[in-house]
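Subject: Structure handover and notes

Hi,

Here is the structure I promised to pass on to you.

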Amino acid sequence: MTTKSSPTTRWVRYGLATALSTGLLMSPLSTQSGHAAPDEDAPIEVVVNGDDIAADSDEGLTFKGFGVLTANSTSAVLLDYKAQHPEEYARLLRILFGGDNPIMNHVKIEMGNDRNNSTGPDPATMRTADEEANVRRHPGFQLAADAKRLNPDLKVSILRWNAPGWVEDNDDIYTWYKNTILAAHREYGYMIDYVNPGVNEHTADLEWTKEFSERVRTDSTGYVSDDRRLAGFRKGERKQFNQIETVISDEVSVGTFGDEMIDDEELREAVGASGYHYNTNDDGAGNFTALAEEHNEQIWNSEAQATFSNTSFRRYNNTADPTTEGTGIGGNGSALEMANTIVKGFVNSRRSHFIYQPAIGSFYEGGQYSYKELVSARDPWSGWMHYDGGLAVLQHFSSFADTGWEDGRGRDEIWRMIPQASASSAQGTNPVNGRNGGPNYVTMADPAKSDFSTVIVNDSEQAQTYRITPQNLRLGRNPELSVWQTTAAAQDEQFDANFKQHVADVRPDDQGAYEVEVAPYSVVSVTSLDVERDEAWTTALPVEGERTVLGEDDEVLFSDDYDYRRKKVATIDHRGKVSRRTESFIDSRGGEEGAIPLYTWARNGAFEAHRADDGEWVLRQQLDTAEGIGGAWNGGDPVAAVGDRRWTDYRASVDVRFETESTENNYAALGARNSGGGSSHKISGTPYTIQLSATGDWTFARLGETIAEGSIEDWQADPEDWHELQLEVAGNRVTASIDDQQLVEHTDDQPYLSGWVDLASGPHHTQFDNLQVERIDDQAAHYDRYLDDLEMAELDDPGEELLRYDGEWSHANGESMYTYGRTASVTEEAGSGLEYTFDGTGLDLLGANDGSARLRVSVDGEVVEQEASTVTSGEYQQTYSLRDLEPGRHTVRIELLSGSLKVDAVGTVGAR
């Protein structure tokens, strides 16, 4: 980064009109402010005193920036991007981890046990006590390896929720951790930097913390194995392993261990970083502030809230919070709320590092904690990714400071956060609400006193005026400060038109102060740096492209025989580019015993491509009660999703084989039309299933409720035998078959009309093969578009209207995690309408409704249904469907006559 030194105020790019339109004209006369102060018209005073920069605080007050948490299956399909669209995967790495000022400095990996830990499971690196630790089947370790190629200074840490079934005590925990750490070093060349030896979001075990740290520091035995190829330390490993630091304790809410850390020097010596989740506050005694300031201890927000919903659509919300309709990029669950969490976290408890769960959402929409991420990577077949505006907000911090960890060589390169030049008036702890209009800002500075940046967050409907006075800094004679702003675009502009904009350069007044007016619902960085040449900052984030449907141009929507022997995957070089070198798909994703399959998101259990004893490649469910099964966040038998939520009418089939002869809960199942929801972690949350047990009994169910059941005649229980399960879904009709024998034809009065397929089993080794999802003659196989209710214009062409509302509607963000995009549009006003123009043959309204709405439906200006009924619908379910239009372009208007209507999403059906 370059220090600015020119005293010339540069308005050439922006002009007076731009300054006025952005609300950022600097003038002593422009003092309108809504902050809580004795004089409401007085500016908010910020003094940045170089003597307050704690240069000797090389741990406690260094700004470490931000981190990615990959956990509970949130990276389930991320490596599919690397395999199918490596250029998109590489771009993701460059955006998050590349450049001189990376957004993310840390990859935190949650160790899995093949059981659900909320969104889903992460693979166990050791499924038995004597298995060689396998980090290749866990996407987090490979993500960290690829990120570390771009940024060698990146930190990597691990922790766990539940442990595998064979783990019985802390000795086993230590072996599991140590073998995994050394396996990662041998496979990828990096040593883990930090480990939390306890259980995530549990009270700290202080004695185990000390013992674990001592074991790590003094370990001389290395890898634990009877296999001499693996056992012990290899050259150079021991020294690096002994330097691993311990994290305490990742509790949810305020840490309970602050007083012990203050009082116990031995505990402080054992701990490298103190972290807790989803709370910005200190404990009652101010222990965490004291740990940072007096003991030079790192305090992390080790699991923090990012953005709830898509920032691109937020400008269409009309929430009054508190009085003016619309909150721009701010409001409930917003990127500005996230920014205020950073500010308040530092001000109240000296948090200097913030890790987001998940920063990357790479699992199918509809799982627990959906729409909580900064990057959405859910369609690996298309390469589609959404880079949320929350990343631009984070860049207002990371691009205006040198972030990270000091290297121990005494060079003092990392910027310090300055408590005396930071303040927060936001209310609450998680979420953090700044709509009261008070001051919220944080200041970071070069320890050499040569530069500083103040980041101001205004998550309110009122403009604010700040007056920043630098003192005892080496900024040159009368230096100017640059002002960069991110706020929402007008509805006729591209959504990101006002992201990361250089809106002004300001000079000091006679008292050496700089006055800046901050627009409502914006974040502003005021800095002495010249960041014009920082390409990562000045380059706009990518705008998401078309989300193509899986198999949209094919007769067979998807098929997989799980034999990937001929498939290769790209590798990433140190520049974050796709290299010419490739590697085996199977080897890179786990090996022959179990490799990550394509397009598969498990919500419980472990489904992997596996070479069976007979040499055949299958999809094997790897959990088995005979080998022990660990605990889970959400209980349930193994279940995994394959496919696209936009699939509608199709025929799905799969072959199944039972490895074990157990008769207790030993089954295989095929499901259809699932889109997630509150029960998606178990097969009873799947709309339609056909289930076959190892005893020959079968069950057809809707959402876990048995519709029909029976037994296969002349059943022979033979582990070598394959059986075919088949489901056909067409409109409201569902047909189920086993081994080409039709068993059920069911008509559903409240049908689920779209969703992926599910594979499920009991907690036993079960094999699946030859999965196929194909079109049905004369039926539309998928939606052409699946629109969020706030998708009112094309993102890259705001003049291209999409959904058009009239009348009285509530358009809200911050809805439930099982509401599509966490947005909803609701009306109870008769005459209110929704209109959409599209090419196709039908249109569906999706969302949880009580069935009270009565609708007048018009197509191309002609009423086709004078008083249409709606059905009681659940999450991601259709409440109204319009079908059988002539192929072509149509304008459909839906008008509420009575009742209440909630629109969560709109799906349009193409030609059959």
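Which residue in β26 is the bridge partner of Lys568? The partner of Lys568 in β26 is Ser584. Before I go on, please keep in mind that this is a predicted model.

**Strand pairs and sheets**

To put that pair in context, β25 covers residues 568–572 and β26 covers residues 578–584, and the two run antiparallel, joined by four bridges. Together β25 and β26 make a hairpin, with five residues between the strands. In the turn of this hairpin sits Gly576, whose phi is positive at about 80°.

Another open sheet has three strands, ordered β45-β46-β53, and its pairing is antiparallel. The edges are β45 (810–812) and β53 (901–903); each has a single partner strand, so one side of each has no neighbour in the sheet. The twist here averages 20° from one strand to the next. Three bridges hold β45 and β46 (residues 824–827) together as an antiparallel pair.

The last pair on my list is β19 (residues 481–487) with β20, which are antiparallel and share five bridges. In this pair, Leu481 stands opposite Val506 in β20. Is β20 mostly covered or mostly open? Strand β20 (residues 501–506) is mostly covered, with five of its six residues buried.

**Helix packing**

Helix α11 (residues 335–349) packs on helix α12 (residues 389–398) at an angle of about 30°, and their axes are 9 Å apart. Because the angle is under 35 degrees, α11 counts as roughly parallel to α12. The crossing of these two helices is right-handed. On the α11 side the contact is made by Ala335, Met338, Ala339, Ile342 and Val343, and on the α12 side by Gly390, Val393, Leu394 and Phe397. Sorted by class, this contact has eight nonpolar residues, one polar and no charged ones.

The other pair is helix α4 (residues 139–150) with helix α5 (residues 170–188), at an angle of about 45° and with axes 11 Å apart. That angle makes α4 oblique to α5. Here too I can give you the handedness: α4 passes α5 in a right-handed crossing. Phe141, Gln142 and Ala145 of α4 meet Thr180, Ala184 and Tyr188 of α5. The residues of this contact divide into four nonpolar, two polar and no charged.

What kind of peptide bond joins Asn430 and Pro431? The bond between Asn430 and Pro431 is cis, with omega about 5°. Pro431 lies in the loop between β15 (423–424) and β16 (440–445). A cis peptide bond also leads from Ile248 to Ser249, where omega is near -10°. Ser249 belongs to strand β7 (residues 245–252).

Two aspartates have a positive phi. For Asp739 the value is near 50°, and this residue is in the loop between β37 (733–738) and β38 (741–747). Asp739 is partly exposed, at 36% relative accessibility. For Asp860 phi is about 55°, and the residue is in the loop between β49 (854–859) and β50 (862–869). Asp860 is partly exposed as well, with a relative accessible area of 43%.

Finally, Val543 is in the loop between α13 (535–538) and β24 (556–560). Its relative accessible area is 27%, so Val543 is partly exposed. Val543 and Tyr387 are 156 residues apart in sequence, yet their C-alpha atoms are 7.2 Å apart in space. Leaving aside neighbours within four places in sequence, Val543 is in contact with Gln494, Phe495, Asp496, Leu795 and Asp796.

Best wishes

Key:
Residues are numbered from 1 along each chain as its sequence is written. This is a predicted model: local features need pLDDT of at least 70, side-chain atom pairs count only at pLDDT 80 or more; totals for chains, interfaces and linings use all residues. Side-chain values use heavy atoms; hydrogens and water are left out. Axes are lines fitted to C-alpha atoms, for helices over the stretch in contact, and angles run from 0 to 180 degrees between N-to-C directions. Angles under 35 degrees count as roughly parallel, over 145 as roughly antiparallel, 65 to 115 as roughly perpendicular and the rest as oblique. A crossing is left-handed if the near helix is turned anticlockwise from the far one by less than a right angle, and right-handed if clockwise. Contact means heavy atoms within 4.5 Å. Ala, Val, Leu, Ile, Met, Phe, Trp, Tyr, Cys and Pro count as nonpolar, Asp, Glu, Lys and Arg as charged, and the others, Gly among them, as polar. Two strands pair if DSSP finds at least two bridges between them. Buried means under 20% relative accessible area, exposed over 50%, partly exposed in between (1.4 Å probe, protein chains only).
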